[in-house]
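Dear colleague,

Please find below the structure that I am handing over to you, together with its sequence. My notes on what was found in it follow.

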Amino acid sequence: MINSRTFFSKEEIFFFIANFFYNLSRVLPHAVLSVILLSKGMSISQISIIQSCFMIAALISELPSGIISDVISEKFMYVLSLLLLGASYLITMITINFYILCLSWIIYGTSSSAMTGSLDMAFIKDRKKKNKDIKRFNVINKYTILYSGLIGGGIGSVIYNLIGTKLYLVSLVILISTSFFVILKIPQKKIAYDDRIKARTLVIESKKIF
């Protein structure tokens with residue numbers, strides 16, 4: 001007999017679809033990222049600095065993004081992450097300035113932190129409250145990310161050979177479409193006061209990070 005707790009709600013299916021296209025658009029330029037930066041006149045050392053900006057921004061913004069997600073809503077952070085990624089890709093497409101590219105990667109890192117623990121955590125919390133299978137949800141979500149990454153990485157270099165840095169336009173169109181899809185199809189859920197992060201927990205987590 002199939003356990004009904006393994007079934008997915010309509011909103012969860014919408015989330016899997018959104019996550020597939022989000023990750024697909026995100027990884028499209030990854031296979032040719034160094035080639036793109038070299039074509040913009042960046043040296044190897046400059047590329048290393050640019051990519052370091054991503055890691056630093058992701059680390060610094062991890063805690064604030066978690067607080068905002070907990071106080072406002074996970075859906076807000078998910079859409080914000082999509083918009084930040086779109087802004088980063090737009091900047092990368094149009095600029096050849098080293099410092100502006102660093103800014104682009106800072107925005108990208110912030111987007112990555114905003115995505116962490118956003119809608120996926122909202123659905124996991126909801127499943128936990130309803131005593132539904134969390135493992136099944138996580139497995140499907142990981143497969144969604146895996147396959148979208150493989151597809152995006154595989155076709156990214158092909159698209160780049162055809163249209164160059166306009167590859168980022170393809171990602172932008174997908175990201176904007178995904179944002180509207182999430183806004184229209186996945187309902188906003190207010191976080192109960194008891195579920196919000198407490199000051200004591202915030203202090204403990206901050207100490208762990210430092």
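In this predicted model, the backbone oxygen of serine 25 and a polar atom of the serine 171 side chain lie 2.8 Å apart. Serine 171 belongs to helix H8, which covers residues 167–185. With neighbours within four places in sequence left aside, the contacts of serine 171 are Ser25, Leu28, Pro29 and Tyr89. Serine 171 has a relative accessible area of 0% and therefore counts as buried, since the limit for that class is under 20%.

The next point concerns the aromatic residues. The structure contains 15 aromatic pairs. One of them joins phenylalanine 20 and phenylalanine 21 in an edge-to-face arrangement, with 5.3 Å from centre to centre and 80° between the planes. Both partners are partly exposed: phenylalanine 20 has a relative accessibility of 24%, and phenylalanine 21 has a relative accessible area of 37%.

Finally, I turn to the largest pocket, which holds about 390 Å³ of space. Its lining consists of 25 residues, and those nearest the centre are Asn19, Tyr22, Met115, Asp120 and Ile145. Two or more lining residues come from each of helix H1 (10–27), helix H4 (74–94), helix H5 (98–115), helix H6 (119–129) and helix H7 (134–163). By type, the lining of this pocket comprises 13 nonpolar, 9 polar and 3 charged residues.

With kind regards

Methods. Residues are numbered from 1 along each chain as its sequence is written. This is a predicted model: local features need pLDDT of at least 70, side-chain atom pairs count only at pLDDT 80 or more; totals for chains, interfaces and linings use all residues. Side-chain values use heavy atoms; hydrogens and water are left out. On a 1 Å grid over the protein atoms alone, a cavity is a set of points where a 1.4 Å probe fits but cannot get out, and a pocket is an open set with protein on both sides within 12 Å along at least five of seven lines; lining residues have an atom within 4 Å of a point. Grid points are joined across faces, edges and corners, and a volume is the space filled by probe spheres set on the points. Helices (H or I, at least four residues) and strands (E, at least two) are DSSP runs, numbered from the N terminus. Ala, Val, Leu, Ile, Met, Phe, Trp, Tyr, Cys and Pro count as nonpolar, Asp, Glu, Lys and Arg as charged, and the others, Gly among them, as polar. Buried means under 20% relative accessible area, exposed over 50%, partly exposed in between (1.4 Å probe, protein chains only). A polar contact is a pair of N or O atoms within 3.5 Å; within protein, one must be able to donate a hydrogen and the other to accept it, and residues adjacent in sequence count only if both atoms are side-chain atoms. Contact means heavy atoms within 4.5 Å. Rings of Phe, Tyr and Trp (its six-membered ring) pair if their centres lie within 6.5 Å; planes under 30 degrees apart count as stacked, over 60 as edge-to-face and the rest as tilted.
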